[in-house]
Amino acid sequence: AEPDSALEETQFTDRLAEAINRLPERERLVLSLYYQKDMNLKEVGMVLEVSESRVCQIHGQALLRLKARMGDFADYLEGKL
């Protein structure tokens, strides 16, 4: 089961990277600042010069797009977010 798990993880990672790259630039930026730079929504809003609630909306839209684009990996994605 371990080799299958590793293959699934690799396939998931590749597919997720592709899906993220296809997001609109602003959504990619929000995800990058939030997940890679560990900024909170308020800090991301300051960078983008928008409200915290707007950042929350952009973040939510990005996640919805990713879930839709991940298709058969949607259940796997739920456990990662």
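On one side of helix α2, Glu-25 and Gln-36 are exposed. This is a predicted model, so please keep that in mind throughout.

Now the opposite side. Which residues of α2 are buried? They are Glu-27, Val-30, Leu-31 and Leu-33. Viewed down the axis of α2, these buried residues fall within an arc of 170 degrees, so they line one face of the helix.

A word on the length of α2. The helix covers residues 25-36, twelve residues, and at 1.5 Å a residue it should span 16 Å. The C-alpha atoms at its ends are 15 Å apart, which agrees. After α2 comes Asp-38, which has a positive phi, near 55 degrees.

Is His-59 buried or exposed? His-59 is buried, because its relative accessible area is 12%, and the cut-off for buried is under 20%.

Leaving aside residues up to four places away in sequence, His-59 touches Val-30, Leu-31, Tyr-34 and Tyr-35. Two of those names, Val-30 and Leu-31, were also on the list of buried residues of α2. With Tyr-35 there is also a polar contact: the side chains of His-59 and Tyr-35 are joined at 2.9 Å.

Notes
Residues numbered from 1 in each chain as written. Predicted model: local features only at pLDDT ≥ 70, side-chain atom pairs only at ≥ 80, totals over all residues. Heavy atoms only, no water. Helix = DSSP H or I, 4+ residues; strand = E, 2+ residues; numbered from the N terminus. Expected span 1.5 Å × (residues − 1). Buried < 20%, exposed > 50% of the residue type's maximum accessible area, 1.4 Å probe, protein only. Arc of directions from axis to C-beta. Polar contact = N/O pair within 3.5 Å; in protein donor to acceptor, adjacent residues only side chain to side chain. Contact = heavy atoms within 4.5 Å.
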